[in-house]
Amino acid sequence: MDAYNNVGIDSIETAKNLKKLRIENNLKLKQVRDAIGLSAEQTVCSWESKTHPKLPSIDNALNLARLYDRIAGRYLISAVTIIYEF
């Protein structure tokens, strides 16, 4: 039987980390929006939502990683679970 890799990203933990990074860097939502070239503050809000967060696109995740001067994937997107099915 073929092996399948399923990757799940915990959106709640990711939202917490995004908000924590923004606050640690003393940035307002508008400043994040402007720094990564978004047209709406609401987009940043949706990534930091406590109840139903949306994950940023890969492009936006990389822009956020650059903005916060972190290695992409190490802290920004957390709680990744890899499940191998055989």
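Author: Buried means under 20% relative accessible area, exposed means over 50%, and partly exposed lies in between (1.4 Å probe, protein chains only). Helices (H or I, at least four residues) and strands (E, at least two) are DSSP runs, numbered from the N terminus. This is a predicted model: local features need pLDDT of at least 70, side-chain atom pairs count only at pLDDT 80 or more, and totals for chains, interfaces and linings use all residues. Residues are numbered from 1 along each chain as its sequence is written, and side-chain values use heavy atoms, without hydrogens and water.

Now to H2. Val-32, Arg-33 and Ile-36 are its buried residues. They sit on the same side of H2, because they cover an arc of only 100 degrees around the axis (the arc of the directions from the helix axis to the C-beta atoms). H1, H3 and H4 are what the buried residues of H2 pack against; contact means heavy atoms within 4.5 Å. Just after H2, Gly-37 has a positive phi of about 80 degrees.

Next, the core. A nonpolar core is a set of buried Ala, Val, Leu, Ile, Met, Phe, Trp, Tyr and Cys residues joined through side-chain atoms within 4.5 Å. The largest one has ten residues, including Val-32, Ile-36, Leu-38 and Trp-47. Helices H1 (11-24), H2 (29-36) and H3 (41-48) each give two or more residues to this core.

Finally, H4 (residues 58-67) holds Asn-60. Asn-60 is buried, at a relative accessible area of 15%. Beyond four places in sequence, Asn-60 touches Ile-36, Leu-38 and Trp-47.
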